Amino acid sequence: MTDTAAKGSAAATVRRLIHEARFGSLATLNEQGAPYASLVAVSADEEGRPTLLISQLALHTRNIARDGRVSLLVSAFGAADPMDSPRASLMGRVAVAQEPAVRARYLARHPGAALYADFKDFALCRMDVESAHLVEGFGRIVDVPGAQLLTDWSGAEELRAAQEGVLAHMNADHKDAVGLYATALAKAPAGDWRMIAVDPEGFEIASADHVCRIGFSQRIQNAGAIRKELVALVEQARRDNAA
C-alpha cells in the first residue's frame, strides 16, 4: 500500500472512531502547565468534529479556559484486547459551540444529558482537530492531518435540511430496518437500535451504550438518494442474514 493510500485508510479509521465514540480521555493543561486527564462523554458534529458537554465546575473546563489546547483519546468499543485494537489521539483546540445541531446530535447520543444540558454552568464545546495519531496495534501507527477527518457537505444542502426528517421517519416507521443494519451489517448484538445521525458519507445507529457507523456506497446529497441507499442497505442486510 502506498503512503497516500495508507493515510487515506487511516483517516477513514479515525473518522469511524470519532463517529462511534461515546466516551474518551481528555487531556488538558493545568495551572502549572502539567497534563491532566479526565473521562468525558463524546459526540460528533455534522462535520465529524468531536463535541463535549462540560461543566464550569470541572477542572478540565477551567484548564481549557486558560489554554484551549487539548488531546482526546478515542478507542474502539468493546475490544477484547484494547492494546491490539484501533485508538486515536486527537490533538487540537476546544471552543464553545452554540449551534442547535450540535446540541441535537449530542443528546441523540447521550439522551440522559438532557437532564442537565441547559444548566447555566454547562456548555457544549467543539474540538477542532489539527492532527490525529492512530495506533491500530503493534507497529501499525499513522499520523493523519485534521483536515482529512472532516465530512464534506458541499452540494448536500438538501440532505442537511432533510436529515431530521430522515431520522424521525426511520425510527418511527422502519425500526426493523435499523435493527437489521446493526445486526447484519455492523455485526452488533440485537437491541433497541435507533438512527441518531446522518451525513453525506453514512449514518450512525445507537443502542444503549453502543454506537455503530455504517457507510454509504456512494456520497449522498439529497433525500431521494438517501432513500434509495437505505433501501439498498436493507436488501444487503437481508441477503447477509440469509447467507
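Reply: Let's start with helix α5 (residues 175-185), whose buried residues are A177, V178, G179, L180, Y181, A182 and A184. Bear in mind that this is a predicted model, where local features need pLDDT of at least 70 and side-chain atom pairs count only at pLDDT 80 or more, while totals for chains, interfaces and linings use all residues. Residues are numbered from 1 along each chain as its sequence is written, and side-chain values use heavy atoms, with hydrogens and water left out.

Me: What makes a residue buried, and what makes a stretch a helix?

Reply: Buried means under 20% relative accessible area, exposed means over 50%, and partly exposed is in between (1.4 Å probe, protein chains only). Helices (H or I, at least four residues) and strands (E, at least two) are DSSP runs, numbered from the N terminus.

Me: Which elements do the buried residues of α5 pack against?

Reply: They pack against α4 (157-173), β8 (194-199), β9 (202-207), β10 (210-215) and α6 (223-242). Contact here means heavy atoms within 4.5 Å.

Me: Why are α4 and α6 called oblique?

Reply: They pack at an angle of about 40 degrees, with their axes 9 Å apart. The axes are lines fitted to C-alpha atoms, for helices over the stretch in contact, and angles run from 0 to 180 degrees between N-to-C directions. Angles under 35 degrees count as roughly parallel, over 145 as roughly antiparallel, 65 to 115 as roughly perpendicular and the rest as oblique. So α4 and α6 come out as oblique to each other.

Me: Which residues meet there?

Reply: From α4 it's E158, L159, A162, V166 and M170, and they meet A223, I226 and L230 in α6. By class, this contact of α4 with α6 has seven nonpolar residues, no polar and one charged. The classes go like this: Ala, Val, Leu, Ile, Met, Phe, Trp, Tyr, Cys and Pro are nonpolar, Asp, Glu, Lys and Arg are charged, and the others, Gly among them, are polar.

Me: What about α5 and α6: what angle do they pack at?

Reply: About 50 degrees, with their axes 9 Å apart. That makes α5 oblique to α6 as well. A177, L180, Y181, A184 and L185 in α5 meet a set of α6 residues including L230, L233 and V234. The contact of α5 with α6 divides into nine nonpolar, two polar and two charged residues.

Me: How do you know that T151 is buried?

Reply: Its relative accessibility is 5%, so T151 counts as buried. T151 sits in the loop between β7 (141-145) and α4. Leaving aside neighbours within four places in sequence, T151 is in contact with H19, E46, E47, G48, D199, P200 and E201.

Me: And K187, is that buried or exposed?

Reply: K187 has a relative accessible area of 62%, so K187 is exposed. K187 is in the loop between α5 and β8.

Me: What makes the phi of K187 worth a look?

Reply: Phi of K187 is near 55 degrees, a positive value in a residue other than glycine. Most residues other than glycine have a negative phi. A208, in the loop between β9 and β10, also has a positive phi near 55 degrees. A208 is exposed, because its relative accessible area is 64%.
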